[in-house]
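Subject: Structure handover

Hi,

Here is the structure for you to look through. My notes on its helices and strands follow below.

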Amino acid sequence: MTPSADTTWRSMTPDDLAGVMTLTARVHPDYMEDLVVFEERLKLAPDGCFSLLRGKEVLGYLISHPWQGLVSPPLNTLLHTLPRKADSWYIHDLALSPTVRGQGFAQQALLLAEQAARRQNLHTLLLTSTCHAIGFWQKAGFTNAPTNKAEQAVLASYDAQARLLYRAIS
C-alpha cells in the first residue's frame, strides 16, 4: 500500500495529545504512560514530536528528543530537563494505528527523527524496544547497544525481553 495523500506527518501540538493518548491506549496497553509524560516531552523537545493525521484524527505519533549516555529514561517518568550535552537522539515512542501500518509512515517518522538529530549535530538514534517491536527495529537497521546494570533495570521495567537499540545516522 502507498501512503494516502490525506494522511500526513506534521509537528505535534498540544491539541493532538488527546488523540495521542487514545492511540497509545490502543496500541501500547502494556506500556501506558501518563499524559504529563507526553506533555513534558512536547514542551522540552517540540522539534522531535510529530503527529500523523488524517483530518483531525491522530493515526500515529513520534515522540523523540536529545539524550546523553546509554541509560534510557524509565517508562512513565518525567525528565524535567534535557541533557546539556546530548550525544544521541532518543526515540521515546513511535506508534501507528493498525489502519496505517505497512504504508511507509514508520520510515517517514524515522526520517523525521534523523532530521531532528542532524539539526542538533547528533549522529546516533537510540531507543528502548519492547519485546513486540524488536523485529521492526532490527529491520530498520537498529542493533543492540551495550547495557550496564542501571540500563538493565530500566529495560526490565518494560518487559523481560526489552532492549536498548541504536543506529548511526548516515
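Two strands pair if DSSP finds at least two bridges between them. Helices (H or I, at least four residues) and strands (E, at least two) are DSSP runs, numbered from the N terminus.

This is a predicted model: local features need pLDDT of at least 70, side-chain atom pairs count only at pLDDT 80 or more, and totals for chains, interfaces and linings use all residues. Residues are numbered from 1 along each chain as its sequence is written, and side-chain values use heavy atoms, without hydrogens or water.

Strand 5 (residues 124-129) and strand 7 (residues 163-168) are antiparallel, with six bridges. In strand 7, L165 is the bridge partner of L127.

Now the helix pair. The axes of helix 1 (residues 17-27) and helix 2 (residues 35-44) come within 10 Å and cross at roughly 130°. Axes are lines fitted to C-alpha atoms, for helices over the stretch in contact, and angles run from 0 to 180 degrees between N-to-C directions. The two helices are therefore oblique to each other (under 35 degrees is roughly parallel, over 145 roughly antiparallel, 65 to 115 roughly perpendicular, the rest oblique). L17, V20, M21 and T24 in helix 1 meet L35, F38, E39 and L42 in helix 2.

Best wishes

Notes: Contact = heavy atoms within 4.5 Å.
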